[in-house]
Amino acid sequence: MAEVYYRVGKIVNTQGLRGEVRVLSVTDFPDERFKAGSRLAIFDEKSHQEDVVVKSHRLHKNFHLLKFEGMETIEAVEGFKGMTLMVSSQYREVNLSENEFFYDQIIGLPVYTLEGDLLGKVKSITSLGPNDVWTVQRHGEGKDILLPYIEQVVKQVDLQDQRIVIDLMEGLIDDED
């Protein structure tokens, strides 16, 4: 079985002359993912380029600054600019609380109303405010539905049966006449 990798960040630039890289995080667990000793993989658009071990991690403005073991100069890391940082599924384990999920567990799941009507499938997840917003591509016709991930709306996420049940509160569907 092929190794599965999950995106955790993008290397946007180098930082200084001592081998640090600036990373724009796309993980909910940056402290866990980027801690010293973490094993990550670097990918370009096409393929796996290199495995690295995090030597140090610190925050600077909106970026995570990482240094990798054995890479002490800017020359050692400047080729990574624009590449993606990923974590192998074997190192992904994080203890999630109840009602916490990895995005890839949610994206693609069908969404049903309390009455059992299929609304569509989760197309994407946006995390900008106090709660995530799930974009549901409608089954059939109609605009996408934006669902706030709050307990008043999302009533059940059943990973075993691969389904989500929501309370379709008034105003969640914006159908034009």
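The mean pLDDT of the protein chain comes out at 87, with 93% of its residues reaching 70 or more; pLDDT is the predictor's confidence in each residue, from 0 to 100. This is a predicted model, so to speak only of local features where pLDDT is at least 70, side-chain atom pairs count only at pLDDT 80 or more, while totals for chains, interfaces and linings use all residues. Residues are numbered from 1 along each chain as its sequence is written, and side-chain values use heavy atoms, leaving out hydrogens and water.

On to the fold: the protein chain holds three helices and twelve strands, taken as DSSP runs numbered from the N terminus (helices are H or I, at least four residues; strands are E, at least two). Confidence is highest in helix α2 (residues 74-77), at a mean of 96, and lowest in helix α3 (residues 103-106), at 82. The C-alpha trace spans about 60 × 35 × 30 Å along its principal axes.

How is the chain packed? Among contacts (heavy atoms within 4.5 Å) with a separation of 6 or more, 48% join residues 24 or more positions apart.

Now zoom in on Ser88, which sits in strand β6 (residues 84-88). Why does Ser88 count as buried? Because its relative accessibility is 6%. Setting aside neighbours within four places in sequence, Ser88 is in contact with Glu3, Val4 and Tyr5.

Notes
Buried < 20%, exposed > 50% of the residue type's maximum accessible area, 1.4 Å probe, protein only.
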